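Visitor: I have a model to look through with you. Can we take it step by step?

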Amino acid sequence: MSDPITHQTVSKRFEMRVDGHLCTLDYSERQNGVSFDSVQVPKAVGGRGLAGKLTRHALDWARSQGLSVQPTCPYVARWIDRHPDYADLLP
């Protein structure tokens, strides 16, 4: 069972707990946008699509804020490649 995704604005990360394990997507601010730097899902809860869920949530947030996205995390870059409806967020 997973908790809802929360946005930790001070630490610049999106978080969710799944079966007691913390899953995160870290970002940093850039001029007119954000850089999605790292997605971390513990192996104990891997293979459930959690990284994708965090990524979609973070991209939807960026879109709602009118921010462009620099996907410095390779996972996020591949995810956007597989979901071209998010390509408009790239600079």
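Guide: One term to begin with: a residue counts as buried under 20% relative accessible area and as exposed over 50%. Keep in mind that this is a predicted model.

Visitor: Which exposed residues does the face of α2 turned away from its buried side carry?
Guide: Helix α2 spans residues 74–82. Its face turned away from the buried side holds exposed residues. They are Pro74 and Asp81.

Visitor: Which residues of α2 are buried?
Guide: Look at the other face of α2. Being buried takes a relative accessible area under 20%. In α2, that describes Val76, Trp79 and Ile80.

Visitor: Why are these buried residues on the same side of α2?
Guide: The buried residues are Val76, Trp79 and Ile80. They share one side of α2 because the arc they cover around the axis is only 100 degrees.

Visitor: What covers the buried residues of α2?
Guide: The cover includes both strands and a helix. The helix is α1 (50–64). The strands are β3 (21–30) and β4 (33–40).

Visitor: What pattern does the chain follow along the sequence?
Guide: The chain has 2 helices and 5 strands. Read in sequence order, they give β-β-β-β-α-β-α.

Visitor: How compact is the chain for its 91 residues?
Guide: The globule rule gives 12 Å for 91 residues. The chain's radius of gyration is close to that, so the chain is as compact as a globular protein of that length. The radius of gyration is 12 Å.

Visitor: What share of the residues is buried?
Guide: The chain has 91 residues. The buried ones make up 37%.

Visitor: How many positive and negative side chains are there, and how far apart are the centres of the two sets?
Guide: There are 11 positive side chains and 10 negative ones. The centres of the two sets lie apart by 5 Å.

Visitor: Now Arg30. Is Arg30 buried, exposed or partly exposed?
Guide: Arg30 sits in strand β3. Its relative accessible area is 44%. Buried needs under 20% and exposed needs over 50%. Arg30 is therefore partly exposed.

Visitor: Which residues is Arg30 in contact with, leaving aside neighbours within four places in sequence?
Guide: Contact takes heavy atoms within 4.5 Å. With those neighbours left aside, the contacts of Arg30 are Ser35, Gln70 and Thr72.

Visitor: What separates the C-alpha atoms of Arg30 and Leu67?
Guide: Along the chain, Arg30 and Leu67 are 37 residues apart.

Definitions and conventions:
Residues are numbered from 1 along each chain as its sequence is written. This is a predicted model: local features need pLDDT of at least 70, side-chain atom pairs count only at pLDDT 80 or more; totals for chains, interfaces and linings use all residues. Side-chain values use heavy atoms; hydrogens and water are left out. Buried means under 20% relative accessible area, exposed over 50%, partly exposed in between (1.4 Å probe, protein chains only). Helices (H or I, at least four residues) and strands (E, at least two) are DSSP runs, numbered from the N terminus. The arc is that of the directions from the helix axis to the C-beta atoms. The radius of gyration is taken over C-alpha atoms; the globule rule is 2.2 Å times the number of residues to the power 0.38. Lys and Arg count as positive and Asp and Glu as negative; His and the chain ends are not counted. The place of a charge is taken as NZ of Lys, CZ of Arg, CG of Asp or CD of Glu.
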